[in-house]
Amino acid sequence: RRLDPTSFVVLTTPHPEAAAWDARQPFRVVRARERVLLPTPGLVRRIELPGGELRFGMLETIRDFAGELLAAGGDEAATRRRHVAYFLTLAHEGESHLTADDQVQWLHRFEHEHANLQAAFQWTIDAGEPERGMAAAATMWRFWHQRNYLSVGRSWLERLLPFAHEQTASVAKAELAAGSIAYWQMDYEATERHYQKALEIS
């Protein structure tokens with residue numbers, strides 16, 4: 001059956017590519033004829049994680065349709081920007097927790113949000129704001145190390161670093177992060193190169 005946007009309310013995730021989200025994230029409701037039918041079985045899936053945390057997800061076809069409605073509504077750019085701001089802030093917030101007593105909790109949280117975080121990094125590149133993505137990515141190297149995403153993390157850092165036009169503390173931090181990942185990959189030449197750049201900036 002073809003979905004009719006005039007017959008129900010569609011919950012649009014902050015980013016059309018987001019496969020799931022938690023109750024703390026911003027979201028938008030597209031209303032049609034003021035009939036509120038969410039959460040509707042089959043449209044939004046409720047996922048309970050260990051520890052009682054709730055997440056919600058959509059089937060891909062529903063998510064794609066919601067993305068179309070979001071674009072047609074004229075505020076897609078603002079919604080995407082809110083999505084990006086949330087996840088970049090989350091990356092920075094989690095940095096100190098990755099070496100704290102609640103490390104495991106935050107590793108789990110980053111694991112569940114990995115796709116959303118990467119979507120945010122990509123958005124900063126597409127939007128011409130890669131410095132924001134670079135600064136956030138630099139905070140996540142311990143997660144990438146602990147969860148064996150070294151290649152993923154290094155790829156993001158090496159994609160974002162070339163956009164750096166000023167020698168700032170954020171760039172030095174990203175170089176250190178890239179060097180640390182390269183070290184754990186036993187690529188000592190790259191490790192030395194990134195660490196040397198960080199030292200030159202500092």
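## Salt bridges, core and rings

At a relative accessibility of 19%, Glu129 counts as buried, a class that takes in relative accessible areas under 20%, whereas exposed stands for over 50% and partly exposed for the range in between, with a 1.4 Å probe and protein chains only. The model is a predicted one, in which local features need a pLDDT of at least 70 and side-chain atom pairs count only at pLDDT 80 or more, while totals for chains, interfaces and linings use all residues. Residues are numbered from 1 along each chain as its sequence is written, and side-chain values use heavy atoms, with hydrogens and water left out.

**The chain as a whole**

The chain has nine helices and five strands, these being DSSP runs (H or I of at least four residues for helices, E of at least two for strands) numbered from the N terminus. Read from that terminus, the order of elements is β-β-β-β-β-α-α-α-α-α-α-α-α-α. Of the 202 residues in the chain, 46% are buried. Where contacts (heavy atoms within 4.5 Å) join residues at least 6 apart in sequence, 64% of them connect residues at least 24 apart. The accessible surface, computed by the Shrake-Rupley method with a 1.4 Å probe and with only the protein chains shown as cover for residues, amounts to about 10800 Å² for the chain, and 52% of this belongs to carbon and sulfur atoms.

**Salt bridges**

Six salt bridges are present in the structure, each a side-chain nitrogen of Lys or Arg within 4 Å of a carboxyl oxygen of Asp or Glu. In one of them, Glu129 is joined to Arg81, with 3.0 Å between the closest N and O atoms. That pair links distant parts of the chain, since Glu129 lies in the loop between helix 4 and helix 5 (130-137) and Arg81 lies in helix 2 (residues 76-95), 48 residues apart. Glu129 also meets the side chain of Arg132 in a salt bridge, at 2.7 Å from N to O. Elsewhere, Arg154 and Asp187 form a salt bridge at 2.8 Å from N to O. This pair, too, links distant parts of the chain, with Arg154 in helix 7 and Asp187 in the loop between helix 8 (169-184) and helix 9 (188-201), 33 residues apart. The table gives the accessibility of the partners of these bridges other than Glu129.

| Residue | Relative accessibility | Class |
|---|---|---|
| Arg81 | 40% | partly exposed |
| Arg132 | 31% | partly exposed |
| Arg154 | 14% | buried |
| Asp187 | 26% | partly exposed |

Through shared partners, the salt bridges join Arg81, Glu129 and Arg132 into one network.

Helix 5 is mostly covered, with six of its eight residues buried, namely Pro130, Gly133, Met134, Ala135, Ala136 and Ala137. The cover over these buried residues includes helix 2, helix 4, helix 6, helix 7 and helix 8.

A nonpolar core is a set of buried Ala, Val, Leu, Ile, Met, Phe, Trp, Tyr and Cys residues joined through side-chain atoms within 4.5 Å, and the largest one here has 36 residues, those with the most contacts inside it being Phe110, Phe121, Met134, Met140, Phe143, Trp144 and Leu157. At least two residues of this core come from each of helix 2, helix 3, helix 4, helix 5, helix 6, helix 7 and helix 8. When neighbours within four places in sequence are left aside, Phe110 is in contact with Leu90, Ala91, Gly94, Leu98, Leu117, Met140 and Phe143.

**Aromatic rings**

Over the whole structure, a search finds eight aromatic pairs, where rings of Phe, Tyr and Trp (its six-membered ring) pair if their centres lie within 6.5 Å, and planes under 30 degrees apart count as stacked, over 60 as edge-to-face and the rest as tilted. Phe110 and Phe143 form an edge-to-face pair, because their ring planes stand at 80 degrees, with the centres 5.7 Å apart. The pair links distant parts of the chain, from Phe110 in helix 3 (residues 103-112) to Phe143 in helix 6 (residues 141-146), 33 residues apart. Phe110 is buried with a relative accessible area of 0%, and Phe143 is likewise buried at 0%.

Another edge-to-face pair is that of Phe121 and Trp156, whose ring centres are 5.6 Å apart and whose planes are at 65 degrees. Here the distant parts of the chain that are linked are helix 4 (residues 114-126), which holds Phe121, and helix 7 (residues 150-160), which holds Trp156, the two residues being 35 residues apart. Phe121 and Trp156 are both buried.

Ring pairs also link Trp106, Phe110, Phe143 and Tyr149 into a cluster. Over the face of Trp106 lies Arg109, at 5.0 Å from the ring centre, where a charge sits over a ring if NZ of Lys or CZ of Arg is within 6 Å of the ring centre and within 35 degrees of the ring normal.
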